[in-house]
Amino acid sequence: MNSFGQRFKFTTFGESHGKALGCVVDGVPAGIKIDEVFIQNEMNRRKPGGKYATSRKESDSIEILSGVFEGYSTGTSICMILFNENQKSRDYDNVKDLFRPGHADFTYYNKYGIRDYRGGGRSSARETSARVAAGAIAKMLLKELDIEVKSGISSIKDIQIPNEDLDFSHSSNSEVYSLNKNYDDKFKDAINKAREEHDSIGGIVALKAINVPVGLGEPIYYKLDAVLSNAMMSINASKAVEIGNGISSVKLNGSQNNDEITNDGFKSNNSGGILGGISNGDDINMKVYFKPTPSIFKTQDTIDINDKELKCELKGRHDPCVATRGSVVAESMMALVLADMLLLNMSSKLSNIKKVYN
Ligand SMILES: Cc1cc2nc3c(=O)[nH]c(=O)nc-3n(C[C@H](O)[C@H](O)[C@H](O)COP(=O)(O)O)c2cc1C
């Protein structure tokens, strides 16, 4: 199950310490201007390095192998590849046979019977670099329709930016992808503290899609909110998803939670822009909750592949808070879902089909 999407589909390949990673994006309409600088910029937003992320140094230089001619998509599958440059598999020599608590080592080994101890192999979030490349193509399609997807960090551990103070224009200027400049230092201090204590912390990513037309989402089993949740929960370390004010809505009455409708639009947006699994034309708002990074430098109890109990003492390079770079991945997944839903929605009415064929 390495593929995602129905019409605008992508497949990723590669492991953390393998030779290369990449993706094949299929269903991309012909004629989209493919901006390679934009794709690389997206890769750079997610890539490791920087003061508040893992110190693994990767250029994440992306190369397009197919599907683009003279700067435009040809309608055939777009294959993109990036080569791993900074694998240090020896960092994992001392934990070769043991399972890191909180990581996927235990489940992957029990499922497949093969232990790729080099950085977690396919279970590593290094795979998400390929999703960002695919997401960049989706964003170019969305841009043609003025649809934009934005993201950032709304919360780190117990420090939370109130919803009304989320500033989606700030995260691209913030080293910790924060959604409010007054919280940059607080978030940095929390990440630094966790790192100094050889520990890790979690965080919440807020996402917004603007200019989304009414009608995206395929009831009953491919609803927009269901597919967005699936997409977000497929990201490493994501543990919960909230659409609109989904969680706090349980404490409200219907009269408070309903978004009243006027000819100028909805009076509020508690629904997060989705009703009945279909976009209602308002902004799509959602949140993704990331757990603390499993690989920490504190001694923990574990077992090895021979069921022997021992101590897990890690070396190597790890993100102290994965939510930060995870925000770029979540944004890419949102763009990929919206691109898929746009194409699927085109055949929902006879009148649409007639527009194409008459
Ligand atoms: C951008 C990103 C970077 C990550 N970096 C690390 C890391 O450096 N070390 C680590 O142990 N986990 C890291 N993770 C999380 C693990 O990949 C994830 O927790 C693991 O695969 C287990 O899956 P689960 O947490 O979804 O159950 C990262 C996740 C993301 C989204």
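A polar contact is a pair of N or O atoms within 3.5 Å; within protein, one must be able to donate a hydrogen and the other to accept it, and residues adjacent in sequence count only if both atoms are side-chain atoms. The model is predicted, so local features need pLDDT of at least 70, side-chain atom pairs count only at pLDDT 80 or more, and totals for chains, interfaces and linings use all residues. Residues are numbered from 1 along each chain as its sequence is written, and side-chain values use heavy atoms, without hydrogens and water.

**Ligand site**

There are 18 residues around the ligand (a heavy atom within 4 Å). Ala237, Lys239, Lys291, Ser295 and His318 come nearest.

| Residue | Its atom | Ligand atom | Distance |
|---|---|---|---|
| Asn236 | polar side-chain atom | oxygen | 3.2 Å |
| His318 | side-chain N or O | nitrogen | 2.9 Å |
| Asp319 | polar backbone atom | oxygen | 3.0 Å |

**Backbone**

Helices (H or I, at least four residues) and strands (E, at least two) are DSSP runs, numbered from the N terminus. Ala237 sits in the loop between helix 5 and strand 11 (238-243). Its phi is near 75 degrees, positive in a residue other than glycine. The loop between strand 10 (203-210) and helix 5 (224-233) holds Ile220. The peptide bond from Pro219 to Ile220 is cis, with omega near 10 degrees. Asn211 is also in the loop between strand 10 and helix 5. Phi of Asn211 is near 65 degrees, again positive in a non-glycine residue.
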